[in-house]
Amino acid sequence: MSYYAVRRGRQPGVYYNWDECKEQVSRYPYARYKKFPNYEQAQHFMRGSDYSSRSSYRQGLSADVYTDGCCSRNGRYGAKAGIGVYWGPDHPLNVSERLDGRATNQRAEIEAASRAVEQARDHNITNLNVHTDSKFTIKGMTEWVPRWKENGWKTFHGEEVVNKKEFEKLDNLCKDLDVTWTHVPGHRGNSGNEKADHLAKKGARK
């Protein structure tokens, strides 16, 4: 049995046949995928480390992180937003901060991811798997940003990208890094996601 690992595609993951893999990578900008003889190797590749070649470990570190953003009274007067970055229990890099400036949930989600990637760069982490419940952030980074850049940072209808500044910042931070975006359902008992959510809400109250 063969396993198809999608590191960069519409939905990163490990797939059990080519047809499923093809749906994720066909006509997808800069798609990265590979066939493996066993699940363990496929999982390593999908998470950002090429199991068959340990060169990634020589170049830098691999890590997983959970990010979340929140905003009370989103879109209304008096809105307060916060970001949460969770690396692990009592990890010194965990972040819980109030988001300055325009307070929206989507902006908080993007900024939380930016903070995690920024921390990864500062600590020589070159292979990063970002877990987030924000499909908006994932779609932005894997589908929309490449199109917006080709279109002069305009939408399909020629309008200004609402979160251009935030996405542009995140895109620049991801340069020269191997970043995998993994969606996790929010408020479904995922420990890492729950911790990141708690940090974001705590930050919004600061």
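Me: Which residues does L170 touch, leaving out those up to four places away in sequence?
Reply: This is a predicted model, where local features need pLDDT of at least 70, side-chain atom pairs count only at pLDDT 80 or more, and totals for chains, interfaces and linings use all residues. Residues are numbered from 1 along each chain as its sequence is written, and side-chain values use heavy atoms, with hydrogens and water left out. Contact means heavy atoms within 4.5 Å. By that test L170 touches I110, A113, S114, V117, T137, M141 and W181.

Me: Which residues have the most contacts inside the largest nonpolar core?
Reply: A nonpolar core joins buried Ala, Val, Leu, Ile, Met, Phe, Trp, Tyr and Cys residues through side-chain atoms within 4.5 Å. Buried means under 20% relative accessible area, with a 1.4 Å probe and protein chains only. The largest core has 35 residues, and those with the most contacts inside it are W87, L128, L170 and W181.

Me: Which element gives the largest share of this core?
Reply: Helices are DSSP runs of H or I, at least four residues, and strands are runs of E, at least two, numbered from the N terminus. Elements giving two or more residues include strand 7 (125-132) and helix 6 (164-173). The largest share, 7 residues, comes from helix 4.

Me: Is N127 buried or exposed?
Reply: N127 sits in strand 7. Its relative accessible area is 6%, so N127 is buried.

Notes:
Buried means under 20% relative accessible area, exposed over 50%, partly exposed in between (1.4 Å probe, protein chains only).
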